[in-house]
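Please keep the sequence and the structure in view while reading.

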Amino acid sequence: MMRVSLFAAAAVFGLALSSSTAMADITVYTAGPASLIDDLAAGFTAKTGVKVNVFQATTGKVMARIEAEAANPVVDVLISASWDTATDFAKRGWLVPYTSPNAVNVPDFLKTDTAVAQGVSALAIAWNPKSGTPKPADWSDLAKPEYKDLVNIPDPAQSGSAFELTAALEARSGWKLFDDLKANGAIVAGANAEALNPVLQGAKAAVFGAVDYISLAGMKKGESIDVIFPASGTVIAPRPMMILNWSKQQDDAKHFVDYVLSDEGQAKVAATALMPARTDVKTDRPLIGDLNILKIDTEAVYSKREETLAKFAAIFAK
Amino acid sequence: MQAMTGASTSAGPVEARSATGKSRSGEGGHSAALWIAATGLLLVVGVPFTFIVLQAIFPELGRGSLAAPFSSLGKTLFDPLLPRMALNTVGLGVAVAVVSALIGVPLAVFRGLFKVPGAKIWDALMLVPFMIPPYIATLGWIMTLQPNGYLQQLAGFNLAPFLFSLSGMAFVMALNCFPVIYFGVSRTLEAVGGRYSDVGRVFGASPWRAFYRITLPLSAPGLAASLLLVFAMAIEEYGTPAALGRHAGFEVLVTQIELRVSDWPIDLPGASIMALTLVLLSFGAFLVQRRVLSARNFQTTGGKPQAINKRPLGPLKVPVLMFFALVAFLAAGAPLFAILATALSRTISGGLVLDNLTLANFISIYDDGAGALKALTLSLSLGVATAIVAGLLGAIAAYVAVKTRSRGRFLLDVLTIIPNALPGIVVAIGLVLAWNQPWLPVSPYNTSLILLLAYCCILLPQPVRYTTAALHQIGDNLEAAARVFGASRMVVFRRILLPLIAPSLVASMLLVFAVAARELVASLLVAPVGTHTVASFIWRQFEQGSIGLGMAMAFVTIVLTTLVPFAILMLLRRVGGNDAIL
């Protein structure tokens, strides 16, 4: 038992040593994908010698951490998966105004004084060609009898982009589509990756509003999955990058934003099957110009968010 | 003597004290134990819990402001959904405890009272479900039972309607929780032994009657303690209700807490208030357990030496072994199969066919070497450290609560029950609020020590409940006898009580190790920047849609977390020659 206590002491001591909070580094909090931020961090460090500490989780978890840390915040750069964050943080006065020289080719609707998109994802129908169902072409197809009990919908309460899609479709044609989907046995299934998994195995045929880059990455790996952007329109989810005003490393933080928007950084973004924020970076997937984007009045949509979510939940709780 | 010396790193001052003042040694031992327990519990449980309560009262606490106290209370408590979610939570907890008891108690009775062939092997197999993280096991069950899942691919049918229902959810969670009952009750029964029921038999009781009227009531502390643990584990579990319950429209408090914490604008006060509701529920269960146990005497371990005399199973041998095998298959075999099948698949849509078989996922873990290895090392060492810290602190706290008359021992007992029902995410928030204060000169926040604190807080109830049950069964005359012969309280604790509770304590430390090595929810939130535990590593893979890679890592981890405790036990046995452990 003596040895046990020695071992315990050694283990605790080891843990204490393994911690590192060197202050000259920059700290980036980001939503997924994990491989992208790892890549960007490594590339930035190789270029500038500045180390990047990464905390990666879902947008929700990242926000919870920032909220809980608010008395003594450590994050320098935040990359969220929801543009709403950028609007809200700007309103709170938490952001540093910065326009990166590399943002020249980022279209105006993907940048503000205080935020600029890292990349963009779009929502789509993710459909399993081996499911024995006809290839859907539009959102409303998934309410047809061929897809009875075979459709998953990501939860708009857990995914910002799913919420925007719900709001946009509701603004265009009311709640009827969702009533029809519910009547057809569609279910609300967790966040994005969770909704996709049953479609891969064939338990479901399609995801109504899947985040495109996860499905496109699956396709590259040889999964039986097809990504369909409905001609009637879809929504995009630009991923805002922001520098926080409490950052003590604002210059390095600005260099990091510059790096993500550089040719090299944007190539890394494209490699994860996201759309690059810069229009002049080539990639082999459909880009914003190829999609019919549903216009939404962000201000109006978010001001009645709770109402929309409650209505959606009521439809699917029946 | 050798075996137990220095069982606690903090024993130093106590020994010095008892050496200097022999006459006061008894009191010294007592107050030292109380002091250690109180400090430890306040640090591990009291600090984060206080900040959760403060957060519930002061919504702006995170920003360092005490403005607008109580403003969130009404809004959250009068949420029309709250009563239904609370009811669902209790219902789920009870259902899981009942199903776990139905599986665990019969197994424990056979294991504790009869000679079951291959007992040690069954013990090891029953530990495996505890090594499988619940969210992974649930995902495994979904991939097995959903339409076109592995079961359908192999046998042509699926059980989706069962899985996505309350009973399916209780079944999956019970398969994960029943080892708590199996180990708790079988150890207690072993200690009770057959002696007392033999006496009953001599006076003409039938075997069933002797079991029901004598053996089972005597093992009530172990049963009640493990049922309480299972109930508490079930009401604070997030992964399974989130994955299965939503399909059945079954919302529980924890899923709602998660939503409040991950949905912008973040509602920390609301989440804290709901977490306190959970704590109240668990506290209610604790009071029930206390009522059941108080005013009775369960002391079965007296001074007389007793040989552990287990009965042969006789004609029951084959059915009992089949029962053990069935449970082991459902709890360990089936989820492991699903995990391995997914890990070995090139694509999920490819299914269980030969040309979809690949080692690519395991190879990419190997290629990722550094990242995966770092996560494994961190999680395994955190697991060991948590087991030791929580085990020792738990044993001392249980000793103070059961065997001393110290004032405040009820408060200590309450402190050990609180984390039982605190969801990991709320513990994490409490820790961030507490330890990220700008005026703190040093802080464990943003170091791996914060994870150790989080795990100790979440898992402390395990060793406390197990050792409390064991201590309840030790007769006071043993301690009195030792005192008569001049032993100080510390010596009595080390040389008499500790060896007697060692089997229960070690069993609980194994469970603590297993859970700490794979804890997800708190780790995701408080992990220092740039640090990954095994669970967050796996979760990252899932989130990116690389389910196969995540499952491969999960499989490696399950194998390691199963092997490490056994290696440590073997080592201990060789070093200490102590065969009493397990």
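## Two domains in chain B

In this predicted model, chain B is divided into domain 1, made up of 30-72 + 359-582, and domain 2, made up of 83-231 + 242-251 + 310-357. Taken over C-alpha atoms, the centres of domain 1 of chain B and domain 2 of chain B are separated by 24 Å.

## Where the domains touch

Contact between the two involves 29 residues of domain 1 of chain B and 26 residues of domain 2 of chain B. On the side of domain 1 of chain B that touches domain 2 of chain B, the elements giving two or more residues are α17 (360-367), α22 (461-472), α24 (489-516) and α27 (547-576) of chain B, and the largest share, nine residues, comes from α27(B). By class, this side of domain 1 of chain B has 18 nonpolar, nine polar and two charged residues.

## Chain B as a whole

Chain B has 27 helices and two strands, and 57% of its 582 residues count as buried. Among the contacts in chain B with a separation of 6 or more, 78% are accounted for by residues 24 or more positions apart.

## The largest nonpolar core

The largest nonpolar core holds 304 residues, of which A:A126, A:A206, B:V230 and B:A454 touch the most other members. Helix α18 (residues 370-403) of chain B gives the largest share of this core, 21 residues.

Leaving aside residues up to four places away in sequence, A:A126 touches A:L196, A:V199, A:A206, A:V207, A:A210, A:S215, A:I225 and A:V227.

Terms used:
Residues numbered from 1 in each chain as written. Chains lettered and ligands numbered in written order. Predicted model: local features only at pLDDT ≥ 70, side-chain atom pairs only at ≥ 80, totals over all residues. Core = buried A, V, L, I, M, F, W, Y, C linked by C-beta atoms within 7 Å. Buried ≥ 20, exposed ≤ 12 C-beta atoms within 10 Å, placed from the backbone. Helix = DSSP H or I, 4+ residues; strand = E, 2+ residues; numbered from the N terminus. Contact = placed C-beta atoms within 7 Å. Domains from an automatic or database assignment. Nonpolar A, V, L, I, M, F, W, Y, C, P; charged D, E, K, R; others polar.
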